[in-house]
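Dear colleague,

Please find below the structure that I am handing over to you. My findings follow directly after it.

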Amino acid sequence: MMKRILALCAALLLPMCALAETGTVCYSWDQEFPDMPVLTHHAYRAEPALPDGDALAGALWAGLPWSKQSDELGVRYTLAAADNPRGRFREDLYVEEDAAFYLWEYNEKTPAQAEIGGSDRAFGQAEAFLRAWLPAEMLEHPLPQYGSFDEDGVPTDRYYAFQWAQQVEPGVFAHESAIEAAYYSYGVAHVNLRWHAYVPADGDRTPEYITAEQALHSLNHAAGNIDPEHICTSFDDPEDALVGIQPVFANVFSQDETMTLCWAFSIRDARKGNVRTVLVDAIGGDVYDDHDGRLQGEI
């Protein structure tokens with residue numbers, strides 16, 4: 001199955017991807033590099049710590065007759081379309097052990113989209129909706145919003161995706177966002193929610209970390225030395241631009257899902273406009289990209 005998926009990827013994306021050549025991609029950063037954070041602990045384990053589902057549903061649909069149904073996966077809370085003052089659609093809130101999902105279910109068709117009036121207006125309305133039913137601490141750390149684009153890379157004002165991070169240590173967030181909300185001109189249509197307790201899991205010694213500047217060197221080494229046989233790669237466009245750097249905790253470089261310090265590089269796609277995150281291990285310098293997987297760095 002995996003070979004079939006890879007073959008399909010190569011067939012579909014070959015016109016858009018290029019054979020990587022050494023030195024074709026080299027990201028630059030003309031701003032001040034972020035400082036190395038002063039850490040209390042150097043490793044963490046994430047344990048689910050979602051709010052009570054009944055409390056979330058009660059705040060989300062205060063005064064309305066929502067229902068509850070449990071199964072082996074978790075609990076589904078529902079507000080029927082007939083009881084929904086926001087419109088003729090059903091709302092569902094799924095609460096599982098380590099994640100929750102809110103979404104609209106339309107009985108007929110999706111409402112027509114319209115211009116929103118800018119990302120600031122969209123963010124204000126999305127945040128107001130979330131603050132009505134989520135604990136305030138979950139919305140303390142909004143992540144940068146780099147614009148919204150359609151599938152052709154054309155800016156659009158009809159849809160925005162917003163994210164909020166969970167802080168692990170002062171100034172250092174978990175790599176995966178805690179909240180993701182999709183906002184349209186007709187409102188927030190779906191929300192993904194993850195919330196954890198971060199338990200220290202330090203080893204016997206304090207690691208030696210590389211700086212953000214050294215991490216960028218390692219990223220450029222990996223991006224410029226993609227195996228030529230790796231036809232479909234994220235690192236194929238020298239026009240892609242680095243737009244952000246920050247320290248995060250992530251579990252992609254450990255064998256047991258322990259979260260360790262990484263440098264997160266936000267890279268804007270020159271053709272599509274969207275921004276993706278590439279991680280560099282702050283200890284070993286290796287690189288992780290969601291598409292290309294783990295790549296060897298150089299420090």
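Strands β4 (residues 89-95) and β5 (residues 100-106) form an antiparallel pair with 7 bridges. Within this pairing, Asp92 has Leu103 of β5 as its bridge partner. Please note that the model is a predicted one.

Both strands belong to an open sheet of 7 strands, ordered β2-β3-β4-β5-β10-β9-β6 with antiparallel pairing. At its edges are β2 (67-71) and β6 (159-164), each of which pairs on one side only. From one strand to the next, the twist averages 20 degrees. Helix α3 (residues 119-131) lies across β5, β6, β9 and β10, and runs at about 55 degrees to β6.

As to charged side chains, the structure holds 10 salt bridges. Among them is the one between Glu91 and Arg86, whose closest N and O atoms are 2.7 Å apart. Glu91 counts as buried because its relative accessibility is 0%, whereas Arg86 is partly exposed at 41%.

Another salt bridge joins Glu115 to Arg158, with 3.2 Å between the closest N and O atoms. This pair links distant parts of the chain, 43 residues apart: Glu115 is in the loop between β5 and α3, and Arg158 in the loop between α3 and β6.

Arg194 and Glu180 also meet in a salt bridge, at 3.2 Å from N to O. Arg194 lies in the loop between β10 and β11 and Glu180 in strand β9, so the pair ties together parts 14 residues apart in sequence. Through shared partners, salt bridges join Glu176, Glu180 and Arg194 into one network.

Kind regards

Terms used: Residues numbered from 1 in each chain as written. Predicted model: local features only at pLDDT ≥ 70, side-chain atom pairs only at ≥ 80, totals over all residues. Heavy atoms only, no water. Pairing = 2+ DSSP bridges. Helix = DSSP H or I, 4+ residues; strand = E, 2+ residues; numbered from the N terminus. Axes fitted to C-alpha atoms, helices over the stretch in contact; angles between N-to-C directions. Contact = heavy atoms within 4.5 Å. Salt bridge = Lys/Arg side-chain N within 4 Å of Asp/Glu carboxyl O. Buried < 20%, exposed > 50% of the residue type's maximum accessible area, 1.4 Å probe, protein only.
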